Amino acid sequence: MEVKLWNDKREREMYDNFADLYAIIKATEKLEKAYIRDIISSQEYEIECHKLIAHFKTLASTLKDTVPSIERFADTYKMDCPAAINRLVISGVPATVEHRATAAASGSTSAAIVAACVQGFITTMDSLKLNMLAVDQVQPLLAELYASLNKLSFLPPDFEGKTKVKEWIAKLVKMGAADELTEQQARQLHFDLESSYNSFVAALPNSGT
């Protein structure tokens, strides 16, 4: 006899989100342990950790009504991931950013600004995947990302990420707040953001600058 975990599409989507949240927490726990044991470099750790934190924040926001407590979620599924809970829920930034936060705070290449940019790219791309396509949902995310990019002095004025994000903001300004991106527009925006994100990571100075 077949046993169904869900009764409708909405319930299935909820369980899919639960699975994604579980996977993010587990992946973060493994990443933290790998970093502590020097299995991966600081730079590799930081890039992957930024991605996981951004994915987590987007998903946690989506699930805020069904999963009000991440700690309780972890306990319910017997996850035993204290390092991940600390990184995702309590700290919210990679360990490398915490370690150099004081030294970097006064510089234009502040680790906090870099973190904001990474989070901006990932959060906006995740939002598109979750079909958050209304102008008043997408435009604030792009505006915040654009503002963060402009704070980094090592990025040239014609940096791909700046120009593409600015172009999309200009397009959205001409639309109504309740208007939604078409499927084609959403795919193109996601493609542009992914391309810009890869260029951004490639342009990052070496860790510690």
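A: Helices (H or I, at least four residues) and strands (E, at least two) are DSSP runs, numbered from the N terminus. By that rule Arg-87 lies in helix H4, residues 82–91. This is a predicted model, in which local features need pLDDT of at least 70 and side-chain atom pairs count only at pLDDT 80 or more, while totals for chains, interfaces and linings use all residues. Residues are numbered from 1 along each chain as its sequence is written, and side-chain values use heavy atoms, with hydrogens and water left out.

Q: Is Arg-87 buried or exposed?

A: Buried means under 20% relative accessible area, exposed over 50%, and partly exposed in between (1.4 Å probe, protein chains only). Arg-87 has a relative accessible area of 5% and is therefore buried.

Q: Which polar contact does the side chain of Arg-87 make with another side chain?

A: A polar contact is a pair of N or O atoms within 3.5 Å; within protein, one must be able to donate a hydrogen and the other to accept it, and residues adjacent in sequence count only if both atoms are side-chain atoms. The side chain of Arg-87 makes such a contact with the side chain of Ser-91, at 3.1 Å. The Arg-87 side chain also reaches the backbone oxygen of Val-93, at 2.9 Å.

Q: Which residues does Arg-87 touch, not counting those up to four places away in sequence?

A: Contact means heavy atoms within 4.5 Å. With that exclusion, Arg-87 touches Thr-28, Glu-32, Tyr-45, Cys-49, Ile-53, Gly-92, Val-93, Pro-94, Ala-95 and Glu-98.

Q: At what angle do H2 and H4 cross?

A: Two packed helices are described by the angle between their axes and the distance between the axes. Axes are lines fitted to C-alpha atoms, for helices over the stretch in contact, and angles run from 0 to 180 degrees between N-to-C directions. Helix H2 (residues 42–62) and H4 cross at roughly 60°, and their axes come within 10 Å. Angles under 35 degrees count as roughly parallel, over 145 as roughly antiparallel, 65 to 115 as roughly perpendicular and the rest as oblique. H2 and H4 are therefore oblique to each other.

Q: What is the handedness of the H2 and H4 crossing, and which residues meet there?

A: A crossing is left-handed if the near helix is turned anticlockwise from the far one by less than a right angle, and right-handed if clockwise. The crossing of H2 and H4 is right-handed. From H2, Tyr-45, Cys-49, Leu-52, Ile-53 and Phe-56 meet Arg-87, Leu-88 and Val-89 of H4.

Q: How do H6 and H7 pack?

A: Helix H6 (residues 111–129) and helix H7 (residues 135–150) pack at about 155°, with their axes 9 Å apart. The two helices are therefore roughly antiparallel to each other. The H6 and H7 crossing is left-handed.

Q: Which residues other than glycine have a positive phi?

A: Most residues other than glycine have a negative phi. Asp-80, although not a glycine, has a positive phi of about 50°. Asp-80 lies in the loop between H3 and H4, and at 67% relative accessibility Asp-80 counts as exposed. Asn-131 has a positive phi near 60°. Asn-131 is placed in the loop between H6 and H7, and at 58% relative accessibility Asn-131 counts as exposed.
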